[in-house]
Amino acid sequence: EFEIGNKFYAGERVKLWGIPTFPSVWKAIEIYQKVVDNAPYGKYADQALYKIGECYKKGGDYQAARLAFQKLIDEHPESKLAEEANFQVGLCASQASLKPTYDQSVTNEALKEIEDFSRRHPESKLTAEADKMHQALREKKAQSDFSIAEFYWKQKYYDSAAVYYRNIVENYPETATAKTAEERLRFIEKRTKK
């Protein structure tokens with residue numbers, strides 16, 4: 001079953017009972033899930049869970065992918081795939097939060113997962129990539145605050161805008177957004193001194 005799942009995942013046409021099938025990550029998920037259901041702690045269970053996560057990622061469902069990778073970590077912490085799965089949990093959370101929005105709960109969760117990975121696996125070859133994701137997520141949080149500040153700026157509610165610009169400068173000083181926020185904040189401070 002695991003090998004059949006791999007063929008679907010790889011995009012190969014498979015003959016089941018002599019009938020050719022179309023490649024599909026969704027079919028691969030179904031087959032990998034049967035591997036897990038039939039032998040939850042068997043030889044291929046951790047690999048099947050990892051592949052389920054990869055299939056969901058390939059299909060763009062980052063939340064389902066994250067859950068599959070987390071299940072691998074929870075049920076097979078000794079697996080050679082556990083470290084990579086831990087990284088994938090953070091990556092999927094990061095992918096789910098790509099655009100800056102007013103609701104940053106997904107970004108906060110992604111930051112938490114990335115920080116958790118870096119704390120658990122400081123010597124991992126994936127730590128440098130995790131650090132880059134961490135920085136990108138901090139930039140995203142700064143951009144989210146900046147978009148709120150810009151709303152107030154355009155409405156000429158400068159005091160309200162200043163609160164958000166100041167938050168960016170104080171909490172995300174390493175971001176590119178902080179420089180623009182600092183310029184806006186200086187403008188507001190000069191304006192209020194007049």
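I began with helix α2 (residues 25-38), whose 14 residues should span 20 Å at 1.5 Å a residue, and the end C-alpha atoms are 20 Å apart, which agrees. The expected span here is 1.5 Å times one less than the number of residues, and a helix is a DSSP run of H or I with at least four residues, while a strand is a run of E with at least two, both numbered from the N terminus.

I noted that this is a predicted model, in which local features need pLDDT of at least 70 and side-chain atom pairs count only at pLDDT 80 or more, whereas totals for chains, interfaces and linings use all residues. Residues are numbered from 1 along each chain as its sequence is written, and side-chain values use heavy atoms, with hydrogens and water left out.

Staying with α2, I looked up its buried residues (under 20% relative accessible area, with a 1.4 Å probe and protein chains only), and found Val-25, Ala-28, Ile-29, Ile-31, Tyr-32, Val-35 and Val-36. An α-helix has 3.6 residues a turn, so residues three or four places apart point the same way.

For the chain, I found nine helices and two strands, in the order α-β-β-α-α-α-α-α-α-α-α from the N terminus on. Of its 194 residues, 44% count as buried. Among contacts (heavy atoms within 4.5 Å) with a separation of 6 or more, residues 24 or more positions apart account for 52%.

Next I turned to helix α4 (residues 62-75) and helix α5 (residues 82-95), which pack at an angle of about 160° with their axes 8 Å apart; axes are lines fitted to C-alpha atoms over the stretch in contact, and angles run from 0 to 180 degrees between N-to-C directions. The two helices α4 and α5 are therefore roughly antiparallel, a word that applies to angles over 145 degrees. The contact includes Phe-69 and Leu-72 of α4 and Val-89 and Cys-92 of α5, and its residues divide into 10 nonpolar, four polar and one charged. Here Ala, Val, Leu, Ile, Met, Phe, Trp, Tyr, Cys and Pro count as nonpolar, Asp, Glu, Lys and Arg as charged, and the others, Gly among them, as polar.

Last I looked at helix α8 (residues 158-171) and helix α9 (residues 176-193), which pack at an angle of about 140° with their axes 8 Å apart. I recorded α8 and α9 as therefore oblique to each other. Among the residues making the contact are Tyr-165 and Arg-166 of α8 and Glu-182 and Leu-185 of α9, and this contact divides into 10 nonpolar, two polar and six charged residues.

How values were computed
Parallel < 35°, antiparallel > 145°, perpendicular 65-115°, else oblique. Buried < 20%, exposed > 50% of the residue type's maximum accessible area, 1.4 Å probe, protein only.
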